[in-house]
Amino acid sequence: MSQATSRTVYVNGAYLPEEEAKVSVFDRGFLFADGVYEVTSVLGGKLIDFDGHAARLKRSLSELDMAEPVGTDELLEIHRELVARNGVEDGLIYLQVTRGAADRDFAYPKDATPTLVLFTQSKPGLAENPVAKTGIKVISIADQRWGRRDIKTVQLLYPSMGKMMAKAAGADDAWMVEDGFVTEGTSNNAYIVKDGVIVTRHLGTEILHGITRAAVLRFAREAQMRVEERPFTVEEAKAADEAFITSASAFVMPVVEIDGAALGEGRPGPVATRLREVYLDEMRKVAI
């Protein structure tokens with residue numbers, strides 16, 4: 001469907017035209033960024049790795065002492081209903097849960113009713129993105145986010161600023177750096193490849209525990225590729241043979257330049273290219 005056409009969105013139990021969808025001005029997501037979110041890809045009208053996203057959502061809510069607005073089965077039905085109502089063949093479903101509405105106070109109420117919002121974005125040919133054939137360019141910036149990046153919160157101001165810094169520099173994205181080491185991209189996990197070894201930062205509070213990351217690393221290991229989960233520097237990245245990012249919307253996307261330095265031959269490398277093919281093939285098989 002065209003994005004010029006009104007979508008059906010989900011707000012707190014109701015399916016509504018997007019023009020009629022509203023939340024309270026006292027919602028803590030609006031006042032304090034007190035909320036979490038997930039993004040699930042849709043390919044061929046089916047959901048990619050829904051169970052992984054549902055499990056991470058549950059963890060994020062638990063870490064912030066927030067109640068689950070609905071169970072996993074109901075959440076799946078809402079996703080499927082939105083796909084059907086909006087005729088989404090390829091695209092994305094965004095889900096946000098906030099702590100709910102309450103009079104403004106830093107101390108949050110324990111009995112607030114969560115706000116649950118979902119909407120779709122139709123992106124025909126999402127998996128056939130031509131950029132995957134040429135790769136993207138990234139710059140490095142200081143990581144100035146809060147410390148609990150393992151929780152997928154709606155606090156996205158600095159990542160948004162990072163995207164704009166990259167755009168101003170003629171690049172596509174930014175990799176954030178803390179204490180001399182790359183943490184992750186503005187909305188993705190970061191990887192380099194050297195002598196056939198895939199290197200990506202280990203899990204911790206410094207990065208988001210990517211659902212696509214988990215699947216890609218599993219497929220890499222099943223293919224007998226060597227994986228090292230450890231920090232790496234920007235200089236190490238510049239000397240790598242190739243690099244890539246992973247996310248629910250980009251899948252596996254090759255990186256061909258970092259801070260103006262071309263990687264390898266300046267085009268997508270064989271490891272990233274192969275992992276993208278494997279990921280898309282395998283995830284389509286188990287899409288629901």
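In which strand does T200 lie? In this predicted model, T200 belongs to strand β11, which spans residues 197-200. With a relative accessible area of 2%, T200 is buried, because a residue counts as buried when that value is under 20%. When neighbours within four places in sequence are left aside, the residues in contact with T200 are A190, Y191, R213, L217, E228, E229, R230 and F232.

Helix packing was examined for α6 (residues 211-222) and α8 (residues 270-286), whose axes come within 10 Å and cross at roughly 105°. The two helices are therefore described as roughly perpendicular, since angles of 65 to 115 degrees fall in that class. On the α6 side the contact is made by T212, A215, V216, F219 and A220, and on the α8 side by L275, V278, Y279, E282 and M283.

The count of salt bridges comes to 26. One of these joins R148 to D150, with the closest N and O atoms 2.7 Å apart; R148 is partly exposed at 26% relative accessibility, whereas D150 is buried, with a relative accessible area of 2%. A further salt bridge is formed by R149 and E178, for which the closest N and O atoms are 2.9 Å apart. This pair links distant parts of the chain, as R149 is found in the loop between β7 (136-142) and α5 (157-168), while E178 is in strand β8 (residues 173-178), 29 residues apart. R149 is buried, with a relative accessible area of 6%, and E178 is partly exposed, with a relative accessible area of 23%.

D241 likewise forms a salt bridge, with K194 as its partner and the closest N and O atoms 3.8 Å apart. Because D241 lies in the loop between α7 (234-238) and β13 (242-247) and K194 in strand β10 (residues 189-194), the pair ties together parts that are 47 residues apart in sequence. D241 counts as partly exposed at 36% relative accessibility, and K194 counts as partly exposed at 36% as well.

Methods: Residues numbered from 1 in each chain as written. Predicted model: local features only at pLDDT ≥ 70, side-chain atom pairs only at ≥ 80, totals over all residues. Heavy atoms only, no water. Helix = DSSP H or I, 4+ residues; strand = E, 2+ residues; numbered from the N terminus. Buried < 20%, exposed > 50% of the residue type's maximum accessible area, 1.4 Å probe, protein only. Contact = heavy atoms within 4.5 Å. Axes fitted to C-alpha atoms, helices over the stretch in contact; angles between N-to-C directions. Parallel < 35°, antiparallel > 145°, perpendicular 65-115°, else oblique. Salt bridge = Lys/Arg side-chain N within 4 Å of Asp/Glu carboxyl O.
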